[in-house]
Amino acid sequence: MDSIRTDLAVERTAAAPHIPGITQQQRGTAFSITEICIANDRCGAPIGKPAGRYVTLEAETISRSCNKYEEMAQELSEEMQQFLPKKGCVFVAGLGNRAITPDALGPRVANKVLATRHFSSALTPQERAYLPDLRPVCVLAGGVLGQTGMESAELLQAVCRQISPSMVVAIDALACADLSRLGKTIQMSDSGISPGSGVANHRAELSEKTLGIPVLAIGVPTVVDLHTAVQGIYGKSVPEDRPNMMVTPRDIDRLIDHGGNLIACALNMALHPGMSFAQAESLG
């Protein structure tokens, strides 16, 4: 288990099935959806995952050119709504480094999410009447430690103290073990996230335990550990003393665009139930 490096709960449970306290359900139409619930941290210890609910959505492609794109966006939005609070401001945090393509998913999504927290003071009642039912949303893509000198956790804690959101939605790149899942899988979880995990650069944890409010983590695998990939292809482990690295597909620019567009579109609809697919899609 330790030799397989992956952030996806669905891959962790596949490597160690039938663990007491871990349940799985399958559903979905546009996506193949796997929901994994881990009762407590002790149950999740064998697969290296904390307690929580993990929803994984998989498809052949998540491109706008797919003939099921609207159906996929609607289904993803419905799954997101099950995690979101009914009321209150939601703080969307785009984690990662926009200058490094495999780590740019968070900033890409943040750039396309509609920020509305300021509308109550910036717009007149007559102006707001022309808008759909919009909840307060604030958005930040603050960069990484090497750019700001601040941990993402420190930055988000400071913002949360100031605005008191009802939830943080954190978007970041992930790592997977199966090459076929790169750029085609979306994982959502209420267990939190360690920023930079997708590029082997773990930082301070972002979770309800550290921020004091619920955290919804959303990610797409954009990289794979080389030793893990070799083990998956050839069925044998690579000696630990051999060089290792994180690898990414050569079309990662396209995969980041597709994943970022779909997540942002679905998130805008989930945050603002009055928003149609056409309205949400036009924001991208």
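The largest cavity in this predicted model has a volume of about 40 Å³. The count of cavities of 30 Å³ or more comes to one. Helix H8 provides the largest share, three residues. Sorted by class, the lining of the largest cavity contains six nonpolar and five polar residues, and no charged ones.

The largest pocket holds about 630 Å³ of space. It is lined by 30 residues, and those nearest its centre are Pro 50, Tyr 54, Ser 191, Gly 192 and Ile 193. Strand E7 (185-189), helix H9 (208-211) and strand E8 (215-225) each contribute at least two residues to the lining of this pocket. Strand E8 gives the most, with four residues. The lining of the largest pocket comprises 10 nonpolar, 11 polar and nine charged residues.

Strand E8 is also the place of Ile 218. With a relative accessibility of 0%, Ile 218 counts as buried, because the limit for that class is under 20%. Leaving aside residues up to four places away in sequence, Ile 218 touches Met 80, Val 169, Ala 170, Ile 171, Asp 172, Ile 186, Gln 187, Met 188 and Ile 263. Between Ile 218 and Glu 281 there are 63 residues of separation in sequence and 19 Å in space, taken from C-alpha to C-alpha.

Two further buried positions deserve attention. Glu 11 lies in helix H1 (residues 9-15), and its relative accessibility of 8% places Glu 11 among buried residues. When residues up to four places away in sequence are not counted, Glu 11 touches Thr 6, Cys 176, Ala 177, Asp 178 and Arg 181. Thr 116, by contrast in setting, is found in the loop between helix H4 (105-110) and helix H5 (119-122). Thr 116 is buried, at a relative accessible area of 5%. Its contacts, again without residues up to four places away in sequence, are Leu 134, Arg 135, Pro 136, Val 137 and His 272.

The aromatic rings complete this reading. How many aromatic pairs does the structure hold? There is one aromatic pair. The ring centres of Tyr 69 and Phe 277 are 6.2 Å apart and the ring planes stand at 65 degrees, so the pair is edge-to-face; the angle that this class requires is over 60 degrees. Since Tyr 69 belongs to helix H3 (residues 69-81) and Phe 277 to helix H12 (residues 277-282), the pair ties together parts that are 208 residues apart in sequence. Tyr 69 and Phe 277 are both buried. Another ring, that of Phe 83, has the charged end of Arg 53 over it, 4.3 Å from the ring centre.

Technical notes:
Residues are numbered from 1 along each chain as its sequence is written. This is a predicted model: local features need pLDDT of at least 70, side-chain atom pairs count only at pLDDT 80 or more; totals for chains, interfaces and linings use all residues. Side-chain values use heavy atoms; hydrogens and water are left out. On a 1 Å grid over the protein atoms alone, a cavity is a set of points where a 1.4 Å probe fits but cannot get out, and a pocket is an open set with protein on both sides within 12 Å along at least five of seven lines; lining residues have an atom within 4 Å of a point. Grid points are joined across faces, edges and corners, and a volume is the space filled by probe spheres set on the points. Ala, Val, Leu, Ile, Met, Phe, Trp, Tyr, Cys and Pro count as nonpolar, Asp, Glu, Lys and Arg as charged, and the others, Gly among them, as polar. Buried means under 20% relative accessible area, exposed over 50%, partly exposed in between (1.4 Å probe, protein chains only). Contact means heavy atoms within 4.5 Å. Rings of Phe, Tyr and Trp (its six-membered ring) pair if their centres lie within 6.5 Å; planes under 30 degrees apart count as stacked, over 60 as edge-to-face and the rest as tilted. A charge sits over a ring if NZ of Lys or CZ of Arg is within 6 Å of the ring centre and within 35 degrees of the ring normal.
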